[in-house]
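Morning, everyone. Let me put the model on the screen, and then I'll walk you through the sheet, the core and a cavity.

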Amino acid sequence: MSPSPELTAVQRNAVTELLRVSPVADELGRRFAKAGFELHLVGGSVRDALLGRLGDDLDFCTDARPEDTLKIVKGWAEAIWETGREFGTIGLQRDGLRLEITTYRAESYDGVSRNPQVQYGDNLHDDLARRDFTVNAMAVSLPGHEFADPFGGLADLAARVIRTPGTPAQSFGDDPLRMLRAARFAAQLRFAVDPAVVTAMERMAEDLRRITAERIRDEFSKLMLGADPVTGLRLLVDTGLADQFLPELAGLKLEIDEHAQHKDVYEHTLKVVSNAVGFDTADGGPDLVLRLAALLHDIGKPATKAVGGDGGVSFHHHEMVGARMSKSRLKLLKYPKDVISPVVALVGLHLRFYGYGRGEWTDSAVRRYVTDAGDQLARLHKLTRSDCTTRNRRKAALLAADYDALEVRIARIQEEEDLARVRPDLDGNAIMELLGIPAGPIVGRAWKHLKELRLERGPLDRDEAEAELQSWARAEGLIP
């Protein structure tokens, strides 16, 4: 029987990709063979080679212990790092490639601890058997280029399906994070998850509580940065995994009855995420901050839902409640401040635009919009546009036109007034000199007053600014 066209295609991809890295990989394989050890390109590197997307980070496995690996690569590697040595991994760099070499492993969880207990294995088959999914359980020997696929990973790759080498329960019992990883691969690779794997995820979802927040955060971030995060997010909610670390997501499924109609907040949120993916992909690549803001922008709605006497539903101030909730959740997931701060700002600002089309915005309002957004203005533009999910074509066109007009207006005022650096027309030194006061809280109050004037009226000339300062100081009783 001849091979299927899909298998032939992925095998051709592999040959092309492996030839690109083989000078380094084969040379490394020969060094290990000379020292009496095996070496295999393994896991994600083989998978990505078959998919025609092999990068510059290569993963290898070997029967050599870390100390043996260090001896073999010393003097050959351009740089060596041992940060993963306790897990059996030695990292190095050679000819622009980053290589990680890991001793055959057989670690598993004991059902209590939150990190794996490292145990070295002694053969390739057992190492592949303990890997998460069949598409990651393939290897290529070096320098011999013999292909090992004991669990049918190549066929699953061609079928675009996620399965485990052994039973899903055994795999997830060894490392519960693999359940989240299944959703991540669905998002990254657009693969379907085998029904038996999904069933195990549903039954074992609570085991994810054994995993550290940092490991969950890293996997979740990879999911959010995938080509299709919405598929991964749906899988997390449907299996109950999201309830273990992001319960607010499933909480967006608000009850809708015939007397109190409103937009399906959960489906709306997923559509906003999908829209945001389109914007950041078009502008150079996935943006974690934008995607997280899109995911979390309406999480304050369940807590603020109110039904009026006429059956109308409101969510007053849900953006501010959502900003606080976003900050709390992201902190629990151990995200760094440079992610938390912009996400929180975007969630808090995402409703600011609405009302602009009614002609209510003065130049002062535009200045405040830009100033409050600060360095997140470009993301706020994308989030606001992503938030328009109406199926009413006329309404969608009006909203898009309104925002186009706002961006043009922002550009005009920025050009005239340099909004990126809005400051009072008098600095602190000038305030102290004119009022004859030392540095202190009064200077800060005066500075804030002048900045408010700057936002309200635009730039003032020196005489106007000084007159306004004197008027404020008299009103405050600071001067006669």
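Start with strand β1, residues 39-42. Three bridges join β1 to strand β2, residues 57-62, and the two run antiparallel. Strands here are DSSP runs of E, at least two residues, and helices are runs of H or I, at least four residues, both numbered from the N terminus. Two strands pair if DSSP finds at least two bridges between them.

A word on the ground rules. This is a predicted model, where local features need pLDDT of at least 70, side-chain atom pairs count only at pLDDT 80 or more, and totals for chains, interfaces and linings use all residues. Residues are numbered from 1 along each chain as its sequence is written, and side-chain values use heavy atoms, with hydrogens and water left out.

Back to β1. Its other link is to strand β6, residues 139-141: three bridges, again antiparallel. Look at histidine 40. Its bridge partner in β2 is cysteine 61. In β6, histidine 40 stands opposite serine 141.

Which way do the β1 side chains point? Leu39 and Leu41 go one way, His40 and Val42 the other. In a regular strand the side chains alternate between the two faces of the sheet. Are these four buried or exposed? All are buried, meaning under 20% relative accessible area; exposed is over 50%, partly exposed in between, with a 1.4 Å probe and protein chains only.

Now the whole sheet. Seven strands form an open sheet, ordered β3-β4-β5-β2-β1-β6-β7, with mixed pairing. β3 (79-81) and β7 (147-148) stand at the edges with a single partner strand each, so one side of each has no neighbour in the sheet. Six bridges join β4, residues 89-94, to β5, residues 97-103, and these run antiparallel. Leucine 92 stands opposite leucine 99 in β5.

Next, the core. The largest nonpolar core has 106 residues. By that I mean a set of buried Ala, Val, Leu, Ile, Met, Phe, Trp, Tyr and Cys residues joined through side-chain atoms within 4.5 Å. Phe60, Phe220, Leu233 and Leu236 have the most contacts inside it. Helix α7, residues 177-189, supplies the largest share of this core, nine residues. Phenylalanine 220 touches, among others, Leu180, Phe245, Leu292 and Tyr335, setting aside residues up to four places away in sequence. Contact means heavy atoms within 4.5 Å.

Arginine 47 lies in helix α2, residues 44-50. Arginine 47 counts as buried because its relative accessibility is 7%. Beyond its neighbours within four places in sequence, arginine 47 is in contact with Val135, Asn136, Met138, Leu157, Phe185 and Leu189.

Arginine 20 is in helix α1, residues 5-34. At 41% relative accessibility, arginine 20 counts as partly exposed. Leaving out residues up to four places away in sequence, arginine 20 touches Leu54, Gly55 and Asp56. Arginine 20 and leucine 54 are 34 residues apart in sequence, yet 9.4 Å apart in space, C-alpha to C-alpha.

Last, which element gives the most to the lining of the largest cavity? That is α1, with five residues. The lining residues include Leu18, Asp26, Leu41 and His145.

Thanks. Over to you.

Conventions
1 Å grid on protein atoms, 1.4 Å probe; cavity = no way out; pocket = protein on both sides within 12 Å on 5 of 7 lines; lining within 4 Å.
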